[in-house]
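Please open the model in your viewer and keep the sequence panel beside it. The stops below are meant to be selected one after another.

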Amino acid sequence: MPEYLVKANNLKKVYHTEEIEIEALKSISFTIEKASFVTFIGPSGSGKSTLLNLVGCLDKKTSGELLVLDQDVSGFNVKERTAFRGENIGFIFQDFNLIPVLTVFENIEYPLIMVKNISKTERAETVMSLLEAVGMADQRNKMPNQISGGQKQRVAIARALTTQPKLVLADEPTANLDHDTAYKIINLMRDIKDKFGTSFVFSTHDPKIVNEVNVKYTIEDGKIKE
Ligand code: ADP
Ligand code: MG
């Protein structure tokens with residue numbers, strides 16, 4: 001029996017605006033296993049961010065079943081959701097979201113200061129080992145505006161891993177990168193999956209860059225295509 005990190009069954013999300021209702025996810029079902037690499041591929045507006053936001057407990061489902069690490073996350077209040085995210089989930093974004101006034105090192109250290117009560121020396125050791133894992137140790141004292149897009153995304157990957165989450169969610173992490181760099185970033189995430197056993201779930205609108213991943217879901221108009 002495989003152990004699932006995420007299990008979604010007939011998951012639906014409807015956004016209500018003043019004028020209309022938008023059915024962003026129309027009853028979708030999928031599973032994500034431990035230490036896996038899963039991709040959601042679909043055009044803009046197909047529901048990728050909506051899906052990752054639900055799995056990442058950034059937003060709530062409208063109906064259906066969603067278990068993340070065997071927990072029914074929709075029952076959580078705001079405080080519980082925040083704690084759950086901090087403990088279990090790392091995020092990587094399309095526009096990197098590094099803090100501009102912090103160095104590369106400090107950007108990676110930041111989540112550790114926020115969620116874990118550990119000594120400065122221990123923090124530095126964790127940060128350095130992650131910097132090495134993403135090949136950015138020699139760039140540690142630079143500011144985000146002094147490094148390239150690919151390097152920023154490496155830092156964002158390291159930052160997502162600081163708290164040793166079981167699940168890392170990456171919403172179009174390669175959208176702002178050229179093709180070569182995008183391939184490198186995907187391979188880096190895959191190496192890290194093998195090394196740390198972290199599951200990566202990432203979305204892209206570019207099917208070309210995900211040829212070798214083990215699980216692919218194609219999403220279109222809020223539905224998973226067979
Ligand atoms: P993708 O990430 O694949 O581009 P999204 O999940 O962002 O797609 O969007 C799916 C659909 O839901 C789109 O029609 C989008 O306009 C709509 N949508 C997304 N977020 C909101 C929101 N906060 N309020 C209303 N509609 C939204
Ligand atoms: Mg999106």
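The tour goes from the ligand to a neighbouring topic, the helix beside it in the list of stops, and then to the strands.

Before selecting anything, note that this is a predicted model, in which local features need pLDDT of at least 70 and side-chain atom pairs count only at pLDDT 80 or more, while totals for chains, interfaces and linings use all residues. Residues are numbered from 1 along each chain as its sequence is written, chains are lettered from A and ligands numbered from 1 in the order in which they are written, and side-chain values use heavy atoms, with hydrogens and water left out.

**Stop one: ligand 1**

Select ligand 1 together with the residues that surround it, which are Tyr-15, Thr-17, Ile-22, Ala-24, Pro-43, Ser-44, Gly-45, Ser-46, Gly-47, Lys-48, Ser-49 and Thr-50; a residue belongs here if one of its heavy atoms lies within 4 Å of the ligand. By class this shell holds four nonpolar, seven polar and one charged residues, where Ala, Val, Leu, Ile, Met, Phe, Trp, Tyr, Cys and Pro count as nonpolar, Asp, Glu, Lys and Arg as charged, and the others, Gly among them, as polar.

Taken alone, ligand 1 exposes 560 Å², of which the protein buries 63%, the areas coming from the Shrake-Rupley method with a 1.4 Å probe. Strand E2 (21–33) and helix H1 (48–55) are the elements that give two or more residues to the shell, and H1 gives the most, with three. Helices (H or I, at least four residues) and strands (E, at least two) are DSSP runs, numbered from the N terminus.

**Stop two: helix H1**

Select H1 next, and ask why this helix is described as largely enclosed by the rest of the structure. Six of its eight residues are buried, so the rest of the structure largely encloses it; buried means under 20% relative accessible area, exposed over 50%, and partly exposed in between (1.4 Å probe, protein chains only). The buried residues are Lys-48, Thr-50, Leu-51, Leu-52, Leu-54 and Val-55. Just after the helix, Cys-57 takes a positive phi of about 55°.

**Stop three: strand E8 and its partners**

Moving to strand E8 (residues 199–204), colour it by burial: six of its six residues are buried. Ser-199, Val-201 and Ser-203 point one way, and Phe-200, Phe-202 and Thr-204 the other way. Strand E3 (residues 37–41) pairs with E8 in the parallel sense over five bridges, with Thr-39 opposite Phe-202; two strands pair if DSSP finds at least two bridges between them. Strand E7 (residues 167–171) also runs parallel to E8 and is joined to it by five bridges, with Leu-169 opposite Val-201.

**Stop four: the antiparallel sheet**

Finally, select the open sheet of four strands, whose order is E2-E1-E4-E5, with antiparallel pairing. Its edge strands are E2 and strand E5 (71–72), each of which pairs on one side only. Strand E1 (residues 4–16) and strand E4 (residues 63–68) pair over five bridges, and Leu-67 in E4 is the bridge partner of Lys-7.
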